[in-house]
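The points are numbered and may be read in any order.

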Amino acid sequence: MAMACLNLPALSPRLASGGGAAPGRCSVPASSVRLPRRCSWRVAAVAEDPPQAVQEQRRTEGSGEAGAEGAADASSKLVLVVGGTGGVGQLVVASLLSRNIKTRLLLRDPAKAVTLFGEQDESVFQTYKADTRNAADFDPQMFEGVTHVICTTGTTAFPSKRWDGDNTPERIDWDGIRNLVSAMPRTIKRLVLVSSIGVTKYNELPWSIMNLFGVLKYKKMGEEFVQNSGIPFTIIRLVVAEACIQALDIEFTEGQIYEISSVKGEGPGSDPEKWKELFRSAQSN
Ligand SMILES: NC(=O)c1ccc[n+]([C@@H]2O[C@H](COP(=O)([O-])OP(=O)(O)OC[C@H]3O[C@@H](n4cnc5c(N)ncnc54)[C@H](OP(=O)(O)O)[C@@H]3O)[C@@H](O)[C@H]2O)c1
């Protein structure tokens, strides 16, 4: 499957209901290689487990080597999350907090952070107000001590209320990313950017429909800016939407729960037969 490191998810049906979606796991080691490598999705059955954030927390809390490593890791990171009030961003923030990793949120409305994450200890959770469309909003102070950045900003692909005030894909996925990356100190150890599947094929169906108002084109421009920035980066292209659409027509997915993680190799793209094979292989694993 051709998802450019593209860390493509492995789908694993859960045998019982409940539990949140586990974040994708990439089997490809981090490296400074600038060209995206190809990974793929795999389907495998798993027994009902607690949500991954909980498992990770338990590992960190556990005694012995793994626990000590986790604690050291948590204390050495300060992760700046941009877009932490969104669907993906909230999961990222909750997961960071559950691991006791110091987290800083950059967001348009700091009051939202309290609503979503409650009152938090300021030594582990801070908020800064910024609209990524405005380069002047990026105060160098926001990056003080920051070791890693995760950006999950975005808006709807088609015109909606959320575009009010010119908050469009062009302004967020292109201007916003450019402003963020330009403001980031070059000492950042890693920038993880959440993007979308289809950015390399936005002139082809079905992606051209999604791209009618340019969202995939602007995401690709944002990705390229990140790739050329010299900052160590990881780009994650979400394929959740494609998995949902494919599942509609695959009967044996009924009653199953799937998780997405990443493995190396070719992926299914939007080929229904390949998706069927992936879902089926999960049943038999
Ligand atoms: N969810 C999926 O299935 C999926 C699939 C493919 C790709 N993606 C991509 O993955 C990313 C995250 O998706 P999501 O579903 O979590 O998105 P989302 O729920 O729409 O969240 C978007 C986030 O971006 C923030 N944001 C918007 N405009 C901003 C601005 N001008 N300045 C600062 N922050 C701004 C929003 O903050 P406010 O609270 O201030 O609005 C919110 O926190 C997006 O790029 C999306 O396109 C998602």
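Leaving aside its neighbours within four places in sequence, with which residues is Thr-153 in contact?

1. The model is a predicted one, in which local features need pLDDT of at least 70 and side-chain atom pairs count only at pLDDT 80 or more, while totals for chains, interfaces and linings use all residues. Residues are numbered from 1 along each chain as its sequence is written, and side-chain values use heavy atoms, with hydrogens and water left out.

2. The residues in contact with Thr-153, its neighbours within four places in sequence left aside, are Val-82, Gly-83, Thr-132, Ile-172, Asp-173, Ile-177 and Lys-219; contact means heavy atoms within 4.5 Å. Thr-153 is placed in the loop between strand S7 (148–151) and H5. Its relative accessible area is 15%, so Thr-153 is buried (buried is under 20% relative accessible area, exposed over 50%, and partly exposed in between, with a 1.4 Å probe and protein chains only).

3. The ligand is surrounded by 22 residues, and Thr-85, Lys-112, Thr-153, Arg-162 and Lys-219 are the closest; a residue is counted here if one of its heavy atoms lies within 4 Å of the ligand. An oxygen atom of the ligand lies 2.9 Å from a backbone N or O atom of Gly-86. An N or O atom in the side chain of Arg-108 is 2.8 Å from an oxygen atom of the ligand. For Thr-132, a backbone N or O atom is 3.0 Å from a nitrogen atom of the ligand. The protein buries 82% of the 890 Å² that the ligand exposes when taken alone (accessible areas come from the Shrake-Rupley method with a 1.4 Å probe; for residues, only the protein chains shown count as cover).

4. Aromatic pairs are rings of Phe, Tyr and Trp (its six-membered ring) with centres within 6.5 Å; planes under 30 degrees apart count as stacked, over 60 as edge-to-face and the rest as tilted. The count by this rule is 7 aromatic pairs. Phe-117 and Phe-125 form an edge-to-face pair, because their ring centres are 5.8 Å apart and their planes stand at 65 degrees. Both Phe-117 and Phe-125 are buried. Phe-158, Trp-163 and Phe-213 are linked by ring pairs into a cluster.

5. Trp-174 and Phe-225 also pair edge-to-face, because their ring centres are 5.9 Å apart and their planes are at 80 degrees. Trp-174 lies in helix H5 (residues 169–183) and Phe-225 in helix H7 (residues 215–227), so this pair ties together parts 51 residues apart in sequence. Helices (H or I, at least four residues) and strands (E, at least two) are DSSP runs, numbered from the N terminus. Trp-174 counts as buried, at 17% relative accessibility, whereas Phe-225 is partly exposed, at 27%. The charged end of Arg-178 sits over the ring of Trp-174, 4.7 Å from its centre (NZ of Lys or CZ of Arg within 6 Å of the ring centre and within 35 degrees of the ring normal).

6. Gly-198 is in the loop between strand S8 (190–196) and helix H6 (207–210), and its relative accessible area of 5% makes it buried. With neighbours within four places in sequence left aside, Gly-198 is in contact with Trp-207 and Leu-216.

7. Overall, the protein chain has 9 helices and 10 strands. Of its 285 residues, 45% are buried.

Note on methods
Polar contact = N/O pair within 3.5 Å; in protein donor to acceptor, adjacent residues only side chain to side chain.
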